[in-house]
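User: I would like to learn how to read several features of a structural model. Please give the general idea each time, and then the case at hand.

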Amino acid sequence: MNTIITTIIVVSCITAVLAALLTISSRTIGNYGEVVLTINDDKEYVVNGGSSLLDTLRSERIFIPSACGGKGSCGYCKVKVIEGGGPVLATEKPLLTKEELEDSVRLSCQCKVKQNIKISIPEELFNVREYSAVVERTEQLTPTIKLLRFNFGNEEISFKPGQYIQLKAPAYEGNDEEVYRAYSIASSVTDKHAVELLIGYTGGIATTYVHHHLKEGDDVHVNGPYGDFYYHEDDGPIILAGAGTGMAPIMSILQFMADNNINRKVLFFFGARTMKDLFLLDKIKGFEEKLNDFKFVPTLSREESEEWHGEKGRVPAAIDKYIEKGENYSAYLCGSPAMIDSIVQALLLKDIPSEKIYYDKF
Amino acid sequence: MIEVNPILIFFAAIFTSNMIFSNFLGMCSFIAVSKEIPTAIGLGISVTMVMTATTILNYMVYWTILVPFNLEYLMYIIFILVIAAFVQLLEMVLERYLPTLYYSLGIFLPLITVNCAILGVSLFMVTRSYDFMQTVGYSIGSGLGWALAITAMAGIRSKLNEKSIPEGLRGTPITLVITGIMALAFIGFSGMVQIQ
């Protein structure tokens with residue numbers, strides 16, 4: 001009995017002394033005092049040095065996209081550090097291209113703020129904020145895809161149609177790490193107090209959380225909006241193409257066009273396997289009435305049923321069939337990298353200018 | 001307690017009882033970081049530093065705390081705690097005062113925490129019942145021996161880059177083969193001094 005007690009006391013004391021020592025030294029040795037953080041040459045922040053650039057920016061309520069939470073494994077949190085970043089670390093090098101290294105791009109989760117530092121970030125990131133929301137509604141659209149509506153209460157979000165937000169998946173039973181994953185917003189930009197997401201089940205950390213743990217009424221944390229995939233003003237006809245949850249940003253774009261009475265010709269190619277994989281058909285039907293010249297072209301690759309009268313095969317083949325010459329077209333694609341690459345090939349063959357092909361690979 | 005001069009122990013730890021070639025401890029970083037000479041030297045120096053400091057600290061903790069309370073069996077946990085805390089502290093100090101060295105060591109520094117050669121030296125110091133001066137000699141010697149081994153290996157491996165090696169042997173396998181041959185060569189030193 002005595003041995004047990006002395007063991008506990010001795011181990012606790014030694015651990016406490018070491019912990020105290022480390023805490024004191026991180027307050028003294030690890031304390032770099034106040035430093036000035038200059039962003040885009042015009043905004044200055046006085047911050048406490050010593051933490052990573054990502055955390056420092058977060059404490060100033062500037063959110064840089066990051067999917068791994070600062071572990072240096074996703075490579076999303078890239079920021080241009082003009083001055084005061086110190087040398088590039090070995091942990092960053094594998095995630096930076098040669099051009100980025102020359103352009104002094106750093107991973108903000110690895111780069112520490114220890115002296116006055118100058119960085120440049122895209123202006124849009126100042127718009128990014130963190131939101132607490134309540135799950136207002138969930139709906140199982142297909143066996144694997146769920147629609148979720150997050151309500152922000154009194155807070156407002158302003159985003160461009162096609163942009164995405166990051167959802168925080170907290171630790172849950174069977175998963176002890178907290179991760180952020182990106183999902184495109186499927187709802188209208190005029191719906192400022194809520195966002196809708198389409199989330200497909202893949203067995204990953206975040207999708208397992210959403211499909212098996214998240215219920216209506218639960219609290220969630222998101223930040224955003226992010227992304228350079230969004231609707232651009234133009235006059236020519238427009239091609240939309242997606243598969244699975246790639247429907248989300250396209251729904252937001254269609255809603256935006258309907259709300260603003262934009263009279264562009266629209267062709268929406270949607271790739272799926274069978275009729276069971278089609279969803280939100282009522283909403284799409286609504287757009288056929290609201291929009292002036294809208295055509296929905298679902299393209300099924302594995303449908304054998306006699307009932308199906310639509311397109312069969314792959315989306316690039318359907319594009320080939322529906323479009324003759326595309327010089328004045330613009331295109332918005334959202335789906336898997338393989339799918340987007342094949343569609344881009346098909347679009348280029350129709351002379352659609354590559355600078356007018358916008359895509360979001362996931 | 002064995003009666004061996006601390007200076008003899010120091011040399012023995014480098015040559016006859018080299019951590020890598022006679023105990024095969026600290027192999028993972030030995031194989032992973034022995035590709036280039038400069039990084040190998042950097043890691044070798046930091047291992048020596050950490051090894052010396054933590055062994056001396058562990059010596060004091062062992063004889064002043066664990067032995068009086070009859071808690072010798074706790075040494076594994078306590079030694080690891082001391083090593084982990086020391087490496088953290090060293091990381092902070094280097095980052096603040098010697099940033100150049102800090103950046104050149106990069107991720108190898110935290111890796112030292114889990115280098116079993118470091119824990120090994122602390123444990124051998126106990127099982128061989130060294131006194132304080134012997135412990136000092138032994139820990140510095142072991143660190144330098146480890147540094148010598150990894151630097152020599154990095155030298156050999158940088159020469160190997162230009163040679164055509166059968167595909168199945170490239171990388172770790174050939175390194176292990178060479179380690180074996182180097183260990184055989186180090187047997188040549190044995191018999192000079194015996195410390196284990």
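Analyst: The dialogue below treats a helix, a sheet, the nonpolar cores and a single loop residue. This is a predicted model, in which local features need pLDDT of at least 70 and side-chain atom pairs count only at pLDDT 80 or more, while totals for chains, interfaces and linings use all residues. Residues are numbered from 1 along each chain as its sequence is written, chains are lettered from A and ligands numbered from 1 in the order in which they are written, and side-chain values use heavy atoms, with hydrogens and water left out.

User: What span should helix 1 of chain A have, and how far apart are its end C-alpha atoms?

Analyst: Helices (H or I, at least four residues) and strands (E, at least two) are DSSP runs, numbered from the N terminus. The expected span of a helix is 1.5 Å times one less than its number of residues. Helix 1 of chain A (residues 2-28) has 27 residues and should therefore span 39 Å; its end C-alpha atoms are 39 Å apart, in agreement.

User: Which residues of helix 1 of chain A are buried, and what covers them?

Analyst: Buried means under 20% relative accessible area, exposed over 50%, and partly exposed in between (1.4 Å probe, protein chains only). The buried residues are T7(A), V10(A), I14(A), L18(A), L22(A) and S25(A). Their cover includes helix 3 (37-66) and helix 4 of chain B.

User: In what order do the five strands of the open sheet in chain A lie?

Analyst: Two strands pair if DSSP finds at least two bridges between them. The order is 2-1-5-3-4, with mixed pairing. Strand 2 (43-48) and strand 4 (105-107) of chain A stand at the edges with a single partner strand each, so one side of each lacks a neighbour in the sheet.

User: Which residues touch the most other members of the largest nonpolar core?

Analyst: A nonpolar core is a set of buried Ala, Val, Leu, Ile, Met, Phe, Trp, Tyr and Cys residues joined through side-chain atoms within 4.5 Å. Of its 67 residues, those are F30(B), L43(B), L66(B), F79(B), I112(B), Y138(B) and W146(B). Helix 4 (residues 75-97) of chain B gives the most to this core, with 11 residues.

User: Where does S301(A) lie?

Analyst: S301(A) lies in the loop between strand 14 (293-300) and strand 15 (311-312) of chain A. S301(A) is partly exposed, at a relative accessible area of 30%.

Note on methods:
Contact means heavy atoms within 4.5 Å.
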